[in-house]
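Subject: Handing over the structure

Hello,

Here is the structure I promised you. Please open it and keep it on screen while you read my notes.

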Amino acid sequence: MANENFRRFRTSVKFGLLAGCSLISLSAVAQEAAPAADEEITTVTVLGSNIPRTQKEGPAPVTVIDAEAIRAGGYANVPDLLRTVTQNGGETQSQQSGNAADFSPGAQQVNLRGLGPNHTLVMINGRRIADYPMPYNGESNFTDVSNIPLGMIERVEILAGSASAIYGSDAIAGVVNFKLKKKVDGTTVDYRYGWTEDGGGKSNRLNLSTGYSKDKFSAVFGGEYAKQDPIYGYERSRQDSTTDAPGDGNQVPNYNWLRTDDYDDSINPTEAQCNLTAATNEGTTVRAYDDYYNYYGDGGYYCGSDRSIAYRTIVSDRESFNGYAALSYQLTDRIELFTDIQFGISELKLLKRPLSWSYQDATGDDTGLFYNSFDDRYDNWYRIFTPEEMGGLQNAMRKVDSKTLTVTPGVRGSFGADWNYEVALNASIYQSEISFPMVVVDAANALYLGAQQGTDSDGYAIFNADPTRYYTPLTPAEFKSITATSLYKPKAWTSELTARINKTELFSLPAGPVGFAAVAEYGRQGYNLNPDPKALTPYYFSWVDSDGKGGRTHYALGGEISAPLLENLQLGLAARYDNYSFAGSEFGETTYNAGLEYRPLKTLLIRAAYGTGFRAPDLHYVYSGPGFVEGRVPDYYTCFSDDPTTDPSDCDTTRVSVRRDGNRDLKPETSKSFNTGIVWAPSSMFDISLDYFKVEMSNQVEDLDTENVVRNEAECRLGQQDIASPTCQDAIARVVRYTTGAQAGDIRTLLINPINVANEDTDGIDVAVRVKFDTPIGKLSMSGSHTHTFVHDYQRFDGDDYLNKFAADSSYYIPRDKSSLSTSLATGAWKFTVDGTWLGKLPNYDEDAYVKGYYLWNGSVQYDINAQAKVSLAITNLFNEQPIRDATWTGYPFYNANWYDGIGRSGFLQLTYKFK
C-alpha cells in the first residue's frame with residue numbers, strides 16, 4: 001500500500017507539472033500567490049488558521065474570488081459562481097431538479113471534492129449559519145447558498161480538505177467562507193439588469209452600501225433587492241417538446257390521458273374521446289400512439305401533447321431582500337464592542353410539473369389498477385392535468401417564503417503584552433413556509449370513479465366508472481375541488497458562544513517568534529420540519545412524507561501554534577476536542593492538523609499538511625421519521641427471474657411501501673486529509689502552484705437508496721453476488737415480499753434507515769497559475785486552475801469491493817477533470833475580460849459510455865466613466881452553447897440538468913455610482 005501511494009503521488013506530480021507548464025487548464029478564480037521578493041506583505045488572517053500571519057500562503061491551498069472577479073464574470077447568483085470553482089466537483093441539484101422541488105425547493109448546494117453537500121462547511125464572515133430547514137433528497141441537512149446576496153460579497157474563500165481541527169464538525173471536504181463587505185468609502189449604489197437572448201428570465205438587482213462614523217461609533221450598512229423572472233421549459237427550443245428527445249421512439253407526446261389494462265396495454269380512446277381534450281395544452285392535445293403500450297398488439301393509443309412535458313420552470317421566480325449591518329463602538333483604546341446583523345426575506349416560486357392522478361387506495365398504493373364494472377375489465381386511468389384545467393400554471397406552483405436572520409454581538413480587543421481576544425454570541429435561524437397544491441385522493445377518486453362497489457376475489461377495488469367523465473377536461477372549479485394546498489413550516493437554527501485568543505509572539509525560538517491561538521465554544525443546534533400533518537398519511541396522491549425534529553448541544557476546546565523550526569521552515573499544529581449530546585447519546589471527537597511550510601528561496605514555497613476531520617451525526621439522519629419516502633422501484637428479482645438478459649432500464653417499476661426511520665445510534669463520520677505541493681512566485685507578475693490532495697472518509701452515513709437495495713437483493717438471490725456477503729444479507733433483510741395471496745412474490749415493504757457503513761477515498765491534483773504583464777495596449781492578466789482527480793472510490797460495507805465512481809456504470813455522475821481560465825486586459829478607463837470553464841466527460845444516461853467535455857465562455861467589458869461612476873456589460877455563455885446531447889438521455893429535459901442548463905446566452909448591464 002505504501003508503494004502504491006508513493007506511485008500515485010509521483011504520477012500526480014508529473015501530471016501536475018505538465019498541466020501547469022502547458023497551461024492547458026486554467027480557471028476564472030485567482031489563487032492567492034505566495035509573497036514575491038518585491039511585494040510588500042501585511043499581516044493577514046488566512047482561512048484555516050486563527051493566527052494572523054505575514055504570509056498569504058499557508059500549508060494548505062486557499063482559493064480566493066474577490067468582488068472584482070465576481071463583477072467581471074457576470075454571475076447571476078452564488079451557485080453560478082461556485083460552479084466555476086474546480087474543487088467543487090460533486091453533483092448538486094439545479095433549479096430543474098425534481099428531487100430538489102420535492103424536498104428542498106429553491107435551495108442549492110456546494111459539493112467540494114464530490115464528497116456530498118453535507119460534508120462542506122459553509123460560513124459567512126467566518127461564522128456558521130443555520131442549515132436549510134428541509135433535508136437534501138429528504139435525507140441529510142445542508143447549507144443553502146442560493147440565498148447569499150451576491151452583490152454584498154467582498155470575497156469568497158475556499159479551503160478544500162479536512163479542517164475540523166480549526167472549525168469543528170462538517171469540514172471534511174473543506175470550507176467555503178463568504179466575507180461580506182464591511183468597509184465602505186462613502187455611499188455606493190449598484191444596479192444590474194439582466195436578460196436572456198431566448199426570452200424569459202429577466203432580472204433586476206439593486207445594491208446599496210453606506211457607512212456612518214462619529215466619535216467612537218461606526219457603522220456599515222448594506223442592502224440588496226433582487227428580482228428574478230422565471231424561465232419555463234417551453235421557452236427553450238432545446239426542451240420545449242417531447243420531439244426534442246433523442247430517438248424516434250421517445251418523441252411521443254406526453255401522457256395526459258392514458259388508460260391501460262391489467263397487461264399494461266393501452267385501452268384505445270376513440271377519436272371522439274380525444275376530441276373532447278383537443279383544446280387543452282394550448283390546443284396541442286391529439287390522439288397519439290406509443291408502441292410501448294401496444295405489447296400485445298391491440299393498444300398503443302392515448303390522448304396527449306408533445307408540449308405539455310415542458311410546463312415546468314428551469315429558472316425559478318424569485319424576489320428577495322437581504323440586509324447587512326456591522327456596528328462597532330470603541331469603548332476604550334483596547335476594547336471594541338461590535339454587532340453584526342444579517343437578515344433576508346425571499347419569495348420563490350417554481351413549477352416541478354403539472355399535477356397528476358391515478359386511482360390510489362387507502363393504503364397509499366397508487367399502481368392505479370381497479371376493476372371497472374362499466375365495461376367489465378381491469379382498468380387504470382392516469383391523468384396529467386393541463387393548464388386550462390388548473391386555471392393557469394400559476395395554480396400548480398410550489399411557493400417558498402423564507403426568512404433568515406443571523407445576529408452576532410460581541411467584544412474584541414487586546415490585553416497584556418499583545419494578546420488579542422474576541423468573545424461573540426452567534427445566533428442564526430432559517431425558517432420557511434413551503435406551500436404546494438396536491439391532489440386529494442378521496443376527492444379525485446370520487447370525482448372520476450364514484451363510490452367503490454366492493455372488492456373482487458383478487459383484492460382489486462370495483463368501480464362503475466364511465467370513461468366519458470375521464471376524457472372530459474375539468475373546469476378550474478372542478479380541479480380546485482379535488483386539490484388542496486399542503487403547507488410546511490420548517491425551521492432550523494444554531495447558536496454558539498465563542499471565545500478566541502491569539503498572540504503572534506507567544507515566545508521566541510532561535511528562528512523566530514511562536515504564534516498561539518485558542519478557542520472555546522458552546523452552542524446548540526436544532527431543526528423542525530413541521531410538515532403538513534395530512535402529508536404524513538396517504539391523504540394526497542403519490543405523496544407520503546416523514547416528520548423530523550430535534551436538537552443537540554455542543555462544546556469544544558481547541559488550540560493552535562505556529563513555530564519556526566528553522567529560518568525558512570515553519571511548523572503549524574492544531575488540535576481540537578468536540579463533544580456532542582443528542583437523543584440520550586454523547587460522544588467526543590478529537591481532531592488534529594499538522595502543516596509544514598519550507599521556503600528554500602523567498603520566491604519558493606514547499607508545503608504539506610495532514611489533518612483529521614469529522615462530522616457529527618446529521619440531525620435528520622438521527623431524528624427522521626418514522627415515515628415513508630420513495631414509493632416506486634424496479635422489481636429486479638422478478639424481472640431478471642423472467643428473463644436474465646433483460647436490460648435493467650427495461651424492468652418495470654412497482655409501487656411499494658418504503659418505511660424510513662432515523663437512527664439515534666449513529667456514530668460520527670471521520671476523515672483523514674493530506675496535501676502537499678509547491679508555490680513559486682518569482683515576482684508579483686507571476687505565480688504558479690501545484691498541490692496533491694487526498695481525502696479518506698470512514699464510517700460514512702448512508703441513507704440506503706431503494707433502487708440499489710432491490711438491485712442487490714435480486715443479484716444476491718440469483719447468485720450474481722455472494723449471498724453470504726454483508727451486502728447480500730443486509731439487502732435480503734430489507735426487502736420484504738408477500739408470501740401469500742394474489743401478490744405473492746411481489747415486494748411488500750422496503751425497510752430503509754441511515755447507518756454508518758461507507759468508506760470513500762479520493763485523491764488528485766490542483767494546479768493554479770497567475771500571470772500579469774504590461775503590453776503596449778495595457779496590462780494583461782491571466783489566471784487559471786485545473787483539478788484532476790486520480791481516484792474516487794467508494795465502499796458500501798467493509799469487505800465489499802470498492803466502486804470506482806468514475807466508471808461509466810457506477811451510477812455516479814462526477815467529472816474527473818474540471819478547469820477554468822480568465823484573461824483580462826486593462827487599458828485606460830477600459831477593462832475587458834473573457835472567462836472560460838471546462839467540465840470533463842461524464843457518463844451517459846445508459847451508463848455504457850461517456851459524453852464529451854463541455855466548454856462555456858463568458859465575457860465582460862467595464863468602463864470607468866470617472867472616479868465615481870462605472871458601467872459594465874457582461875455576457876454569459878458567449879457562444880450560446882446548449883447542453884451536451886446524449887442519445888440515451890430520454891427523460892426530460894433530455895440532458896443532465898445537474899451539470900448543464902438550457903438558459904442560453906444572457907446579458908447583464910451594471911451601473912455603479914459612488915457618492916462623495
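Leaving aside its neighbours within four places in sequence, which residues is Tyr-488 in contact with? This is a predicted model, so every contact here is one in the prediction. Tyr-488 touches Met-134, Ser-432, Glu-433, Ile-434, Phe-436, Leu-529, Asn-530, Pro-531, Asp-532, Ala-535, Trp-543 and Asp-545. Find Tyr-488 and work through that list.

**The core**

Tyr-488 belongs to the largest nonpolar core, which has 33 residues. Tyr-488 is one of those with the most contacts inside this core, along with Tyr-132, Ile-434 and Trp-543. In soluble globular proteins, nonpolar side chains tend to be buried together.

**A nonpolar patch on the surface**

Now turn to the surface. Tyr-191, Trp-195, Leu-206, Tyr-225, Phe-321, Phe-343, Ile-345, Leu-405, Leu-873, Leu-909 and Leu-911 form a nonpolar patch there. Together they have about 890 Å² of accessible area. Strand 7 (187-196), strand 16 and strand 48 (906-915) each give two or more residues to the patch.

Take Leu-405 as an example. Leu-405 sits in strand 20 (residues 398-415). Is Leu-405 buried or partly exposed? Leu-405 counts as partly exposed, because its relative accessibility is 37%.

**Salt bridges**

Next come the charges. Side chains of opposite charge can pair when their charged atoms come close. How many salt bridges does a search of the whole structure find? The search finds 36. Here are some to look up.

- Asp-229 and Lys-227 form a salt bridge through their side chains, at 3.0 Å from N to O. Asp-229 is partly exposed, at 28% relative accessibility. Lys-227 is partly exposed too, at 21%.
- Arg-307 and Glu-282 form another, at 2.5 Å from N to O. Arg-307 is in the loop between strand 13 (301-305) and strand 14 (313-315), and Glu-282 is in helix 7 (residues 280-283), so this pair ties together parts that are 25 residues apart in sequence. Arg-307 has 21% relative accessibility and counts as partly exposed. Glu-282 has 47% and also counts as partly exposed.
- Glu-713 and Arg-737 have their closest N and O atoms 2.9 Å apart. Glu-713 is in helix 14 (residues 706-717) and Arg-737 is in strand 37 (residues 735-737), so the pair ties together parts that are 24 residues apart in sequence. Both Glu-713 and Arg-737 are buried.

Salt bridges link Arg-127, Glu-336, Arg-412 and Glu-422.

**Paired strands**

Strand 46 pairs with strand 43 (residues 830-839). The two are antiparallel, with 10 bridges. Trp-830 has Tyr-863 of strand 46 as its bridge partner.

Strand 46 also runs antiparallel to strand 47 (residues 869-876), and six bridges join them. Which residue in strand 47 is the bridge partner of Val-861? The partner is Leu-873. You have met Leu-873 already, as a member of the nonpolar patch. A hairpin of four residues joins strand 46 to strand 47.

**Backbone details**

Finish with the loop between strand 47 and strand 48, where Pro-893 lies. The peptide bond from Tyr-892 to Pro-893 is cis, with omega near 5°. Phe-894 is found in that loop too. Phi of Phe-894 is positive, near 75°, and Phe-894 is not a glycine. Is Phe-894 buried or exposed? Phe-894 is buried, because its relative accessible area is 3%.

Asn-125 is another non-glycine residue with a positive phi, near 55°. Look for Asn-125 in the loop between strand 3 (120-124) and strand 4 (127-128). At 18% relative accessibility, Asn-125 counts as buried. The reason is the cut-off: buried means under 20% relative accessible area.

Best wishes

Methods:
Residues numbered from 1 in each chain as written. Predicted model: local features only at pLDDT ≥ 70, side-chain atom pairs only at ≥ 80, totals over all residues. Heavy atoms only, no water. Core = buried A, V, L, I, M, F, W, Y, C linked by side-chain atoms within 4.5 Å. Buried < 20%, exposed > 50% of the residue type's maximum accessible area, 1.4 Å probe, protein only. Contact = heavy atoms within 4.5 Å. Patch = residues over 30% accessible without salt bridge, like charges linked within 9 Å, V, L, I, M, F, W, Y side chains within 5 Å. Areas by Shrake-Rupley, 256 points an atom, 1.4 Å probe, with all protein chains shown as cover. Salt bridge = Lys/Arg side-chain N within 4 Å of Asp/Glu carboxyl O. Pairing = 2+ DSSP bridges.
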